[in-house]
Amino acid sequence: MSDNRILVLRADDNVGVAVDGLARGDSVTVGDIHLTASSTVPSGHKIAIRPIATDGAVLKYGQLIGRASRDIQVGDHVHVHNLAMADEARREVGTAAVRADVQAVSMPTFEGYRRADGRWGTRNYIAVLTTVNCSASTARLIADQFRFGRGLEAFDHVDGVIALTHDTGCGLVPSSEGAQLTMRTLRGYADHPNVGGVLVLGLGCEMLQAQTLLNGLDLTKPVETMIIQESGGIRSTVRAGVSAIEKMLPVVDQARRETAPASALVLGLNCGGSDGYSGISANPALGYASDQLVALGGTSILAETPEVFGAEHLLTARATDPTVSARLIERIEWWREYMTRGGGTLDNNPSPGNKAGGLTTILEKSLGAVAKSGTAPLVAVHEYAERVAESGLVFMDTPGYDPVSVTGIVAGGATVVVFTTGRGSVLGSKPSPTIKVATNTAMYERMSEDMDINAGTIVDGKATVEEVGDQILAEILAVASGRPTVSEDLDLGADEFVPWQLGAVT
């Protein structure tokens with residue numbers, strides 16, 4: 001059998017990745033190594049190409065992904081039964097700016113919405129924002145009157161009306177970390193360049209008051225505030241809310257798409273339902289596209305702090321300033337303590353689906369996840385949902401849970417999100433479109449109506465990382481100009497608005 005059944009990613013790796021899966025007894029040649037699979041090795045899983053003694057380093061991507069929990073022989077399946085986590089911090093602190101390993105290309109453009117503050121939007125929504133869970137159902141009832149374009153027939157330049165609801169807002173001390181985080185998220189959406197009009201809906205007796213959400217925001221868009229307890233209850237508020245949005249529509253519809261430089265884009269990078277191919281195909285291709293955008297002067301936001309743990313040295317070494325490195329390390333240490341308080345560790349992160357797809361430890365998962373960031377310098381580290389104002393690659397501290405992470409990224413200003421998946425995650429992120437990239441062809445073909453791009457062609461040997469990266473960048477520009485993603489075709493993205501909840505609730 002030819003060696004294309006096993007991918008060896010770096011010369012010093014001692015494991016390879018089974019491309020199509022191997023049955024027990026299958027013989028494979030990898031370079032000058034001849035091996036026989038000692039057991040079944042599923043597609044995307046690891047096989048030993050060199051012997052590894054107990055406690056020996058297991059290397060993939062040329063990096064440590066764990067240590068052998070028992071002797072591993074050539075041809076053995078390497079997974080949870082013989083590979084253990086190794087919590088060995090490796091950190092390099094950048095002291096000067098580094099350059100992305102890409103060449104700047106001529107400035108491409110997209111057709112976007114120029115906002116009064118100088119930012120550019122890729123969509124033009126009216127958002128119904130709730131201050132508290134108690135107003136969530138009312139907000140949905142209002143937005144549902146306009147769902148699937150009802151009442152919008154005369155407003156071609158409005159993408160829709162969305163209800164962004166959540167599970168908190170009361171029982172929180174307003175000055176607490178949790179309350180401030182929730183408020184920062186809501187304010188980020190109210191001020192988002194993809195939102196052309198806002199209706200803030202409160203109950204009236206909650207801790208997080210509607211006017212507090214708007215205080216200090218200089219919004220140059222139609223804004224209305226309604227309180228259910230002051231508006232006569234749910235039915236009366238729904239009628240008033242629908243009327244308020246109907247008055248907004250002609251104003252919001254005045255926006256027109258104009259030609260904007262690609263440098264005006266803010267790209268969110270996220271992955272979910274990862275598998276053994278994520279770090280080989282979709283994530284490196286997205287990293288290449290991100291590098292191109294950064295080279296043009298645009299912004300990319302990497303996130304999911306628990307999923308850079310163990311690979312943080314690849315980011316700190318690229319930091320433009322020691323304070324940026326220190327900030328990232330500080331957030332990782334916060335997560336260590338946070339997980340300990342919750343009775344877990346950061347290695348709890350790989351999900352059953354991740355493991356079924358071939359990922360064993362958080363180190364392995366993180367090395368693949370960080371590939372989304374490409375090679376660009378790391379210029380800043382932000383708290384969850386903080387507004388991102390820098391150009392270049394930045395990091396945002398978010399959980400690894402996909403909807404929560406993407407919610408923070410969008411609150412920070414991402415106007416387009418690219419989401420890579422190996423197992424087949426389904427996600428939307430209104431008001432920002434989500435482009436979903438499959439890591440392997442089998443899943444892409446199985447879920448083709450839920451995926452936008454197939455990066456499995458890289459594993460199949462039909463395309464290079466660079467070619468798929470160029471395809472992703474072209475799709476970003478097309479979607480930013482108005483092309484709907486498959487998630488938008490399915491009207492996904494409102495229920496996936498999930499702000500991160502921290503702190504005690506009284």
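**Close-up 1. A network of salt bridges joins R327, E330, R331, E383 and D397.** A salt bridge is here a side-chain nitrogen of Lys or Arg within 4 Å of a carboxyl oxygen of Asp or Glu, and by this rule the count comes to 21 salt bridges. Side chains of opposite charge can pair when their charged atoms come close. The model is predicted, so local features need pLDDT of at least 70 and side-chain atom pairs count only at pLDDT 80 or more, whereas totals for chains, interfaces and linings use all residues. Residues are numbered from 1 along each chain as its sequence is written, and side-chain values use heavy atoms, with hydrogens and water left out.

**Close-up 2. K60 and E364 meet through their side chains in a salt bridge, with 2.8 Å from N to O.** K60 lies in strand 6 (residues 57-60) and E364 lies in helix 9 (residues 362-370), so the pair ties together parts that are 304 residues apart in sequence. Helices (H or I, at least four residues) and strands (E, at least two) are DSSP runs, numbered from the N terminus. Both K60 and E364 are buried, a word that stands for under 20% relative accessible area, while exposed stands for over 50% and partly exposed for values in between (1.4 Å probe, protein chains only).

**Close-up 3. D491 forms a salt bridge with K430.** K430 counts as buried, because its relative accessibility is 10%. A cis peptide bond joins K430 and P431, with omega about 10°, and P431 is placed in the loop between strand 21 (416-421) and strand 22 (434-438). D491, although it is not a glycine, has a positive phi of about 65°.

**Close-up 4. F148 has a positive phi, near 55°, in a residue other than glycine.** This residue is found in the loop between helix 1 (136-144) and strand 13 (160-164). F148 is exposed, because its relative accessible area is 64%.

**Close-up 5. A262 sits in the loop between strand 16 (257-261) and strand 17 (266-271).** A262 is buried, because its relative accessible area is 1%. When residues up to four places away in sequence are not counted, A262 touches M107, P108, T109, F110, L293, L296 and L477, where a contact means heavy atoms within 4.5 Å. A262 and A480 are 218 residues apart in sequence, and their C-alpha atoms are 9.4 Å apart in space.

**Close-up 6. The side chain of R123 reaches the backbone oxygen of R483 at 3.1 Å.** R123 is found in the loop between strand 11 (120-121) and strand 12 (125-130), and R123 is buried, because its relative accessible area is 2%. The C-alpha atoms of R123 and H157 are separated by 9.0 Å, and the two residues are 34 residues apart along the chain.

**Close-up 7. Four strands form an open sheet in the order 1-2-5-8, with antiparallel pairing.** The edge strands are strand 1 (6-7) and strand 8 (77-78), each of which pairs on one side only. Two strands pair if DSSP finds at least two bridges between them, and two bridges join strand 5 (residues 46-48) to strand 8, the two running antiparallel. K46 stands opposite V78 in strand 8.

**Close-up 8. C134 is in no disulfide, and the nearest cysteine sulfur, that of C170, is 6.1 Å away.** A disulfide is a pair of cysteine sulfur atoms within 2.5 Å, and the structure holds zero disulfides. C134 is partly exposed, because its relative accessible area is 47%, whereas C271 has a relative accessibility of 2% and therefore counts as buried.

Technical notes. A polar contact is a pair of N or O atoms within 3.5 Å; within protein, one must be able to donate a hydrogen and the other to accept it, and residues adjacent in sequence count only if both atoms are side-chain atoms.
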